[in-house]
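I went residue by residue and wrote down what I found.

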Amino acid sequence: MTFAATVLTLYPEMFPGPLGQSLAGRALGEGLWSLAVRSIRDWATDKHKSVDDTPAGGGPGMVLRADVVAAAVDGVANTTPVIALTPRGAPLTQAKVRSLAAGPGVTLLCGRFEGFDERLFEARAIEQVSIGDYILSGGEVAALVLLDACVRLLPGVMGAASSGVEESFESGLLEHPHYTRPPEWEGLAIPEVLRSGDHAKIAAWRSAQSERDTRLRRPDLWEAYARVHRPLARGKNNNARSGEPEEDT
Ligand code: ADE
């Protein structure tokens, strides 16, 4: 089954953009996913083709009209979930990406200006998703991010390059660091264990690195992980049971 992506935007030329390249681009060419891009302006009804208006109650900027955007959503009617990209949405997670990628596709609604007239979300079943706590100039880049994350999980897209399960976030931890040739560069050597050929030792080292880096860089992820995997160590020294060194090595 082809993963069907539909994008509603005021800037259709922004697509496929980077998704026309590399793995996603090849997969698009091979029909592993499809992309339909439509301009929201096609559903404007007045002679100026207006899609936005001033905010009720006053204030800066412009708001996307619910009637025009709803007509666009209805106009592309399909069976895929509809997601509006907005900094007011629920944070995008790998779990959400995985669940979307396992489905029939997605219809993405790209906001601009101050956002959407809120009544849109009362009148239609539209989820709101954010790609992070920062403000983009519009939802298009966020839509590209969401699609990229989904497409790489589709069967046949990554080939043998990844099973998907060892990567950052799939396990709830950041992935371990990687190294490649040359064995020494600018006086920096690849950690000895990686040259030992001892696969069990390498796996243990990688797992310890994953835990250490997650604990140091993403205490939020570590807290959630440790609650399940390190219940006895929580609140004490989370490092005590994992056996890895405290400092960067
Ligand atoms: N539009 C503007 N900023 C955004 C964000 N952080 N996530 C999703 N859509 C956006």
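I started with aspartate 74, which is partly exposed because its relative accessible area is 40%. The model is predicted, so I treat every value here as computed from it. I then looked for the salt-bridge partner of aspartate 74 and found arginine 124, with the closest N and O atoms 2.7 Å apart. Aspartate 74 sits in helix α2 (residues 66-75), while arginine 124 is in the loop between α4 (119-123) and β7, so the pair ties together parts that are 50 residues apart in sequence. Arginine 124 has 29% relative accessibility and counts as partly exposed.

How many salt bridges does the structure hold? I noted 12. One of them joins the side chains of arginine 65 and aspartate 67, at 2.6 Å from N to O. I checked the exposure of both: arginine 65 is at 24% relative accessibility and is partly exposed, and aspartate 67 is partly exposed at 45%. I also looked up arginine 38, which forms a salt bridge with aspartate 42; here the closest N and O atoms are 3.6 Å apart. That distance still qualifies because the cut-off is 4 Å. Arginine 38 has a relative accessible area of 33% and is partly exposed. Aspartate 42 is partly exposed too, with 47%.

Is valine 51 buried or exposed? I found it buried, as its relative accessible area is 1% and the limit for buried is under 20%. Valine 51 is in the loop between β2 (33-39) and β3 (52-53). I listed its contacts, leaving out residues up to four places away in sequence: Leu10, Ile40, Arg41, Ala44, Val63, Leu64, Arg65 and Val68. Among them is Arg65, the arginine that I had already recorded in a salt bridge with aspartate 67. Leu64 is also on that list. I looked up the C-alpha separation of valine 51 and leucine 64 and got 5.9 Å, for residues 13 apart along the chain.

I placed serine 130 in strand β7 (residues 126-130). Serine 130 counts as buried because its relative accessibility is 4%. What does the side chain of serine 130 reach at 3.0 Å? I found the backbone oxygen of glycine 132. Not counting residues up to four places away in sequence, serine 130 touches Thr86, Pro87, Gly89, Ala90, Pro91 and Leu92.

I looked for nonpolar residues on the surface and noted a patch formed by Tyr134, Leu136, Val141 and Val145. Together these residues have about 320 Å² of accessible area. I followed up valine 145, which is in helix α5 (residues 139-151). Valine 145 is partly exposed, with 36% relative accessibility; a patch residue needs over 30%.

I finished with the division of the protein, which gives domain 1 (3-151) and domain 2 (166-241). How many Å separate the centres of domain 1 and domain 2? Taken over C-alpha atoms, I noted 36 Å between the two centres.

Technical notes:
Residues numbered from 1 in each chain as written. Predicted model: local features only at pLDDT ≥ 70, side-chain atom pairs only at ≥ 80, totals over all residues. Heavy atoms only, no water. Patch = residues over 30% accessible without salt bridge, like charges linked within 9 Å, V, L, I, M, F, W, Y side chains within 5 Å. Areas by Shrake-Rupley, 256 points an atom, 1.4 Å probe, with all protein chains shown as cover. Helix = DSSP H or I, 4+ residues; strand = E, 2+ residues; numbered from the N terminus. Buried < 20%, exposed > 50% of the residue type's maximum accessible area, 1.4 Å probe, protein only. Polar contact = N/O pair within 3.5 Å; in protein donor to acceptor, adjacent residues only side chain to side chain. Contact = heavy atoms within 4.5 Å. Domains from an automatic or database assignment.
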